[in-house]
Amino acid sequence: MFAIVFIALYISVILIGIIFVLLRREQYKAELGFLFVVIIYFIGEILYFITFNLSTEKIFDLSFSKFIFTISLICRISSTTLWSSSHSSELNKTNKVRFIPLILYLFLFGLISSLILDPSSFKIMISGVNYVYNFNSLPLLVFLFLFYTVSIVILWITQIKGFKNFSDKDLAQFNNYYIILFSTTTLLYIFYLISMNEILRILHLTFYLIGFLIIIYIIIKKPSLFLVYTNRIYDFIIFHKSGILLYSYNFQTGKEVEEKSLKGSILIGISHIMANLSNIENQLTYIKMKDKAIVFNFDKQLGFAVLLVAKHKNSILEKSINTFMNDFSQAHKEKLSKLNGLIDISGFEDAKEYINRHFKHYILA
Amino acid sequence: MLNVTSISLITGHFLFLLLSGITILYVYKNRKRYGTELIACLISVIILNSGFIYSSLFMCSVVFFFSLEINLLLWKLSIISGFVSVTLTLVIYYFFREYKKIPLGPFILLSVLYGLLIGILIIPNSVVIEYALPIPNSFTIIAPSNIHYHFNIVTGLIIIILYSFISIYFIYNSMMIYLRTRKRERIFPLLINSFIFLIPILMFITYIIFQLTIFRELDIILLWITIFGLYIMLIKEPEMFFILPNEIYSINIYHKSGVMLYSYNFGKKFEMDAAIWGNILIGLNHILSEFIDKTDKIDLIQTKSAEIVVKYEDDYGYAVVVITNRKNSIIEDLIKKFSINFKNTYILELAEIQDLNRIINISEFKDTKKIIEQNFELYL
């Protein structure tokens, strides 16, 4: 009975989320790999919720219910692995051990899967109007407990240590609330598996639904979620090959930076680079620093360059720079090809429009 | 009851223990010759695990009898320890290609397979022990052919998949190392060893499939022989670990004024004029000093066809710029060592040109070639 209500609510939430995302699809940009992980995560969660609900109701026969309960256990572990390891790898982008949690979760996933596949690891029983599952294998229960405890601990450590790495502090707060809910839901789930108490199951499912609603809300409210989770742009500068600053924009203040406010050393630096690099084949593309990255893009034909200071380089950022360069070149082709002698930079003020168009998710100010 | 096989295995085992001990001592004493201390440490762990732990667990489970439960436990532990050895060897092999980087894809799969293996070994009936004769007293030496371990289908399948995956990845890595290395003749023994390494693995798989104890004994004997070959290779050619598929195009040293103090070309094609990089470096530092925290120095510059590793020596006002096809930790370590040697050799000259008004006589640095040849010998 409860299962049908929960599944109906769940499907409604998913449908609302899908409709919103489809309607505003142009706002969602994500790296293909990340998008793939998100899709797999949602498939895992949906499968888990449906199979977990159905496995405890007397809808199917005993053996089929036991089978779908096994599926629910595996799906829950898979989606927790994906969510928790993505969280730690995103917040520890520069850390050499960012994938250690993933390796640990997968090891435990393999271990638990082996134990689950053993037919005698748990048995199904009838209790009133529901099915309940009794774990015969102590190692299975111990490793399930260990897996979920480890995932909660790692999530919290990563969240507390990596809080400063969030580009958007609202998103960081949302994440805090979600992790509180996730921890509660997971603890209720593991206590349910140990005790098979019906109240714990209903509480777990209720908290789970609330958590899922929050995820859907964040996806709708923050389309930039997939893009600027931790990345951040600091400065965007366009230079002519003569070393003249054509346009500069600061993403932190949200304001244009005038040439007079740029110190001489920058202009000297740009002159050095442009004089040495603008006409040669093997051009500079990227400079990696301890905490920042500088992405260069030269237009040899029109003799200008874009320099972007960001937290880290990624393919979306590079694509955005390329599309910006194309639009900017198209709009100012004539002006740029005739630039020599006294250079008038007033004609390049519309660069802000192109920045707004191509980098809008990064504008935080 | 003593028989020829038991005596041979016990003798072989003690001989192998002795050889492993000697090799560990040799690796420890000559650890600097193995590229980095991490590689030397990993090699020692592999020897310790395969030479002492795996071999001893294997011996204790097939030649000595304690009780059915203990022998079964030792056998299961020997399987796990065998896989740990092979995986660590795989890590070392991968370090030849990309130092200090663990390939995510293969290791994701390995983690799941390891989990599956350990999980299945926890299940009571995954491996069943059988003794052909009446059960002997505890702590006796037995004929290996009398003790037998039966794997159930799932356990056998998981072990076969795991070994097959490791073997394929081993061969793939060895081929890649061989194809990408400049000094192929020196890396050839490594390639041969990788192929020979497949034979004991194949023997173990055959044991699982046919459940004949002879394949199990052949597995350990062939493994000893293969590892013995590896020990010889480790002792004879420790520098092999330096011969990486990396290339260095040139090393340039720039004074803070932008003057190039020394430039060494490794004779490989690289289209950019070394002198340009001094100007570019100054330019970049000018820009970065305005936009970025002054303590945040350039770590790596990437161009379309090369990577430029920069090492600053702020106290002496110069920077070492190494142009390579791909940056890795070995190159970074070598740059660090080179920079210290350079600083120590030219400490007076560098102190004199701290004043930007002084004329820099770059001929004073002409002996830098010797320091470069000394530090980057294997990239020459």
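Colleague: Over how many bridges do strand E7 (residues 293-299) of chain A and E8(A) pair in the antiparallel sense?

Modeller: This is a predicted model, where local features need pLDDT of at least 70 and side-chain atom pairs count only at pLDDT 80 or more, while totals for chains, interfaces and linings use all residues. Residues are numbered from 1 along each chain as its sequence is written, while chains are lettered from A and ligands numbered from 1 in the order in which they are written. Strands are DSSP runs of E with at least two residues, and helices runs of H or I with at least four, numbered from the N terminus. Strands pair if DSSP finds at least two bridges between them, and for E7(A) with E8(A) the count is seven bridges.

Colleague: In E8(A), which residue is the bridge partner of A:Val295?

Modeller: You can find E8 of chain A at residues 304-310, and its antiparallel partner E7(A) at residues 293-299. Look in E8(A) for the residue bridged to A:Val295, and you will land on A:Leu308.

Colleague: Which residue takes a positive phi near 70° in the hairpin of E7(A) and E8(A)?

Modeller: The hairpin has four residues between the strands E7(A) and E8(A). The residue with a positive phi near 70° in this hairpin is A:Gly303.

Colleague: In E8(A), what is the bridge partner of A:Ile233?

Modeller: Here we meet another partner of E8(A), strand E3 (residues 233-240) of chain A. E3(A) and E8(A) also pair in the antiparallel sense, over seven bridges. Within E8(A), A:Ile233 has as its bridge partner A:Ala310.

Colleague: Why is E8(A) largely enclosed by the rest of the structure?

Modeller: In a regular strand the side chains alternate between the two faces of the sheet. In E8(A), A:Phe304, A:Val306, A:Leu308 and A:Ala310 point one way, A:Ala305, A:Leu307 and A:Val309 point the other way, and all are buried. Buried here means that 20 or more other C-beta atoms, placed from the backbone, lie within 10 Å of the residue's own; exposed means 12 or fewer, and partly exposed lies in between. E8(A) is largely enclosed because the residues of the strand that are buried come to seven of the seven.

Colleague: Among contacts in chain B between residues at least 6 apart in sequence, what percentage join residues at least 24 apart?

Modeller: Two residues are in contact if their C-beta atoms, placed from the backbone, lie within 7 Å. In chain A, counting contacts between residues at least 6 apart, 64% join residues at least 24 apart. For chain B the corresponding value is 67%.

Colleague: How far apart are the axes of helix H1 (residues 4-29) of chain B and helix H7 (residues 213-236) of chain B?

Modeller: Axes are lines fitted to C-alpha atoms, for helices over the stretch in contact, with angles from 0 to 180 degrees between N-to-C directions. Residues of H1(B) including B:Leu9, B:Phe16 and B:Tyr26 meet residues of H7(B), among them B:Ile221, B:Trp224 and B:Phe228. The helices pack at an angle of about 20°, and their axes are apart by 11 Å.

Colleague: At what angle do helix H9 (residues 315-337) of chain A and helix H10 (residues 351-359) of chain A pack?

Modeller: The axes of H9(A) and H10(A) lie 10 Å apart. Their contact includes A:Phe324 and A:Phe328 of H9(A) together with A:Tyr354 and A:Phe359 of H10(A). The helices pack at an angle of about 150°.

Colleague: Is B:Ile118 buried or exposed?

Modeller: You will find B:Ile118 in helix H4 (residues 104-122) of chain B. Leaving aside neighbours within four places in sequence, B:Ile118 is in contact with A:Leu111 and B:Ile80. Because 21 other C-beta atoms lie within 10 Å, B:Ile118 is buried.

Colleague: Does A:Leu138 count as buried or exposed?

Modeller: A:Leu138 is in helix H5 (residues 138-162) of chain A. Its C-alpha atom is 15 Å from that of A:Leu108, which is 30 residues apart in sequence. With 11 C-beta neighbours inside 10 Å, A:Leu138 counts as exposed.
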